[in-house]
Amino acid sequence: MTPGSSGLIWGRTPVLKIVNLSAAYGTIPALTGISLHVPAGKIVALIGANGAGKTTLMRTITGLHRLQGGKIIFRNREIQHLDTPEIMRRGLALCPEGRRIFPHLTVQENLILGGYYSSERRLRRDLAEIYQLFPRLDERRQQRAGTLSGGEQQMLALGRALMSRPQLLLLDEPSLGLAPLLVQEVCKTLGRINRRGTTILLVEQNATAALKLAHYGYVLENGRLSFEGPGLELLHHPKVRSAYLGE
Amino acid sequence: MTWAGFAQQLINGISLGSLYALVAIGYTMVYGILRLINFAHGDFLMVAAYLGIFGLAMFSLPWPVALVAALVITGLMGALLERGAYRPLRRAPRLSLLIAAIGASFLLENLALVFLGGRPLPFPTPAVFAGSFQVFGLYIPRLSLLIPGVTLILLAGLFYLVGRTRVGMALRALAHDGEATQLLGINVNRLISLTFVLGSTLAGVGGLLWAMKYPQVNPFLGVLPGLKAFIAAVLGGIGNLAGAVVGGLVLGVLEVLLVAWFPAWSGYRDAFAFILLIIVLLIRPTGLVGETVMEDKL
């Protein structure tokens, strides 16, 4: 399959569609000719090594980094010219690399900020739902977020992102810095979140974990997409295995 | 000095320190959020004082109307300054922003000089704020109680806003990580405007009270109190709200007591603030309260 052709949309309209996107830092190109689809209700993984451009892609989608060319279409609207808060308010949430929680605010305050524009009633309901999903956060709701362990902070970042009830959840390296057992736990949680109806686009260095979880995957190399296919198929692709799994 | 004399001076010092605290809040909030020392901040004392004169003397408005109008306009001008001079430089190097702030300060002062003249105007203090009374043989100007009282109420409101409300949470989040705050869909520009409205309104209150305390208004009225309040903010730990209040009170009380104890040095009272600043920067650069990180209290 050629990159970008993405024959797999499962008959649904994509929530996110990226067309021929390019981005650069100054004159150094970071992303070239990226085209991809994220179908509604699915988990799509984008795997790539350090420096392949994964974080740049996340920053470009969310408007933190200005693209050089191409289009980003979210729920049938072009969003590449909007500024970050506007883009996010259209139904996007990002769980950023390094989690970026607010360490001096309490767990609950962090979550409330995720639902900043929610009504008081909806906020209460969403908080209850997040605490149900992450009982550990419930126990620590009045604690400063900075005192949480790495895994708990990842849960908090996830919960905070979910508080806006996003149509599409973007995740930048959720497994980074977590012990293997915790990675499994995060993946399980992501599966659960997806089954409740949230579409997910995940970028990961941890190819095995990401591709096992994802319905569909893309491989990013030096700022270009080199392979794509259903998650498990990609996981067993010899070239992917040799490049990412050291076989 | 007698105990009565000491108490008298202490009251004067707290009153002066409250004014420094009111103005220092604006420096510290803007610094917390934009990492900018807004050197034009002090000039909003002057703006509010002139607006007060217009309302009270020129338009003969009832004093509550005149003073509130002066504060509203001062607050909006603060937001306008950010919109016009600082927002376009958001992505520029921080030094450009600092220079823009110095430029804005000169602009405000010289606009006042051109249009209002350099001759000091008397401030028509409303009768309710004037006068004094005697308690336990102490002679206390009404303003000396009013200033700390007003300051206390305003600070209580501000601390409630920052510490307990959703907007306050967002302000604290913004002070820590602007990008992460934007990624939550929060309109950061509106929060920054709010910060400037709050800061310059508080400076405006300071300016009106200052003009009642020293009823001569000239275009450079805000320069020295502005610098002192900046010192107070650094003294307490810039970026820290509680620190600004502590710094203001410490500076005000020490300044007044110094003059009271060593009348011969009274000519050096302004130099004293700067000496204190140098000492703090040498010994404890994070300030008295500012040991903790910025976004702790803001």
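Glu173(A) lies in the loop between strand S7 (168-172) and H7 of chain A, where helices (H or I, at least four residues) and strands (E, at least two) are DSSP runs numbered from the N terminus. The structure is a predicted model, in which local features need pLDDT of at least 70 and side-chain atom pairs count only at pLDDT 80 or more, while totals for chains, interfaces and linings use all residues. Residues are numbered from 1 along each chain as its sequence is written, and chains are lettered from A and ligands numbered from 1 in the order in which they are written.

Glu173(A) counts as buried because it has 21 C-beta neighbours inside 10 Å; a residue is buried if 20 or more other C-beta atoms, placed from the backbone, lie within 10 Å of its own. Apart from neighbours within four places in sequence, Glu173(A) is in contact with Glu97(A), Val203(A), Glu204(A) and Gln205(A), contact being defined as C-beta atoms, placed from the backbone, within 7 Å. Gly159(A) is 14 residues from Glu173(A) in sequence, and their C-alpha atoms are 16 Å apart in space.

Chain A consists of domain 1 (1-91 + 166-247) and domain 2 (101-165), with bounds from an automatic or database domain assignment. The centres of domain 1 and domain 2 of chain A, taken over C-alpha atoms, are separated by 25 Å. Nine residues from domain 1 and eight residues from domain 2 of chain A form the contact. On the domain 1 side, helix H7 (residues 180-195) of chain A provides the largest share, four residues. That side comprises seven nonpolar, two polar and no charged residues; Ala, Val, Leu, Ile, Met, Phe, Trp, Tyr, Cys and Pro count as nonpolar, Asp, Glu, Lys and Arg as charged, and the others, Gly among them, as polar.

Between the chains, 19 residues of chain A are in contact with 19 residues of chain B. Helix H2 (84-89) and helix H3 (107-114) of chain A are the elements that give two or more residues to the chain A side. This side divides into 11 nonpolar, five polar and three charged residues.

In chain B, the axes of helix H1 (residues 3-34) and helix H9 (residues 223-236) come within 8 Å and cross at roughly 70°. Axes are lines fitted to C-alpha atoms, for helices over the stretch in contact, with angles from 0 to 180 degrees between N-to-C directions. H1(B) and H9(B) are therefore roughly perpendicular to each other, a term covering angles of 65 to 115 degrees. The residues in contact include Leu19(B) and Tyr20(B) of H1(B) and Pro225(B) and Gly226(B) of H9(B). By class, this contact has 11 nonpolar, two polar and one charged residues.

Methods. Contact = placed C-beta atoms within 7 Å. Parallel < 35°, antiparallel > 145°, perpendicular 65-115°, else oblique. Buried ≥ 20, exposed ≤ 12 C-beta atoms within 10 Å, placed from the backbone.
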